[in-house]
Each structure stands twice: as structure tokens, then as C-alpha cells.
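Here is a short tour of one protein chain, written for someone who is just starting to read structures. Have a look at the model first, then follow along.

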Amino acid sequence: MTFEEAEIALDEIADALPEEIFSGLNGGYVLTEERLFDSNGLVILGQYHREPHGLGRYITVNYGSLVEVFGYYSPRRFRRELKRVLHHELIHHLEDLAGDKSLEIQDEIDKAEMLGL
């Protein structure tokens, strides 16, 4: 799936969700061309950002990272991964609004398991 096709798919995925989910996400979501890794070398597929100034709350989905991991997938399966990443980051957003850190904690547990810690 090309970057342009992924942008269209991501917009379609977002359009299928209730508007209320995006409430407070004043910076919206964006598909970047970046291929990002954390300090342990794990691929970063998407991120939820909360900045006190500037864009405020927003989501980035990293196309380059998705290609790194799922580049060999069919367009249909790649689209499912796009959807999974957007939904995951939206859950972070909703939990942040509610003052909940459950998914953030689970992400750290999953990361530790991947690293064998």
C-alpha cells in the first residue's frame, strides 16, 4: 500500500467512527512517513501526543514503521493494521481524558515481555 493509499484508508477508517471519539483531539491525527524505533530498537507504529502548547492532543501513525513490520501484507491486511494502530492510539486519548492509564500500563507490560524482562 502506498503512502497516498494509506492516507485515504486512514481517513476512511476515522470517518467510520463516531465524532465524539475525536473530542478533545484538537491536533487530530496524521499519517507520517517516519520509521521510528524506541531506545530498545522496537518499532513505534503510532503515538498519542499531549503537549501543553502547540497542537495539544494529537495522534501520529507512522507509515514507515508500518511498512517496516507489515510491508509484505496485502493492502487489505495492511489496512487492518492501520485501523488497529489508530484505534489503539484513540484508546490512549480517551483514557487520558478520563485520567486512566490502563492501556499505557499494559503497553509497558507488553514491551517488557517482548524484551524478555
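A salt bridge is a side-chain nitrogen of Lys or Arg within 4 Å of a carboxyl oxygen of Asp or Glu. Keep that in mind, and keep in mind too that this is a predicted model. By this rule the count comes to eight salt bridges.

**Charged pairs**

Side chains of opposite charge can pair when their charged atoms come close. Let's start with R35 and E68, whose side chains meet in a salt bridge at 2.8 Å, N to O. This pair ties together distant parts of the chain: R35 sits in the loop between β1 and β2 (36–37), while E68 belongs to helix α2, 33 residues apart. E68 has a relative accessible area of 40%, so it is partly exposed.

R79 and E12 also form a salt bridge through their side chains. Here again distant parts of the chain are linked, with R79 in helix α3 and E12 in helix α1 (residues 3–15), 67 residues apart. R79 is partly exposed because its relative accessible area is 31%, and E12 is partly exposed as well, at 40%.

| Salt bridge | Distance, N to O |
|---|---|
| R35 and E68 | 2.8 Å |
| R79 and E12 | 2.8 Å |
| K101 and E104 | 4.0 Å |

**A closer look at D96**

D96 is found in helix α3, which covers residues 75–98. Is D96 buried or exposed? Its relative accessibility is 10%, and buried means under 20%, so D96 counts as buried. Its side chain makes a polar contact of 3.1 Å with the side chain of Y48. If you skip the neighbours within four places in sequence, D96 is in contact with Y48, R50, R57 and K101.

**The sheet**

Strands of a sheet pair through backbone hydrogen bonds, either parallel or antiparallel. This model has an open sheet of three strands, in the order β1-β5-β4, and its pairing is mixed. The edge strands, β1 (29–32) and β4 (46–50), each pair on one side only. On average, neighbouring strands of this sheet are turned by 20 degrees against each other, direction ignored.

Strand β5 (residues 57–62) pairs with β4 in the antiparallel sense, over five bridges.

Two packed helices are described by the angle between their axes and the distance between the axes. For α3 and helix α4 (residues 102–114), the axes come within 8 Å and cross at roughly 130 degrees. α3 and α4 are therefore oblique to each other. Which residues make the contact? On the α3 side they are H88, I91, H92 and E95, and on the α4 side S102, L103, E104 and D107.

Notes:
Residues numbered from 1 in each chain as written. Predicted model: local features only at pLDDT ≥ 70, side-chain atom pairs only at ≥ 80, totals over all residues. Heavy atoms only, no water. Helix = DSSP H or I, 4+ residues; strand = E, 2+ residues; numbered from the N terminus. Buried < 20%, exposed > 50% of the residue type's maximum accessible area, 1.4 Å probe, protein only. Polar contact = N/O pair within 3.5 Å; in protein donor to acceptor, adjacent residues only side chain to side chain. Contact = heavy atoms within 4.5 Å. Pairing = 2+ DSSP bridges. Axes fitted to C-alpha atoms, helices over the stretch in contact; angles between N-to-C directions. Parallel < 35°, antiparallel > 145°, perpendicular 65-115°, else oblique.
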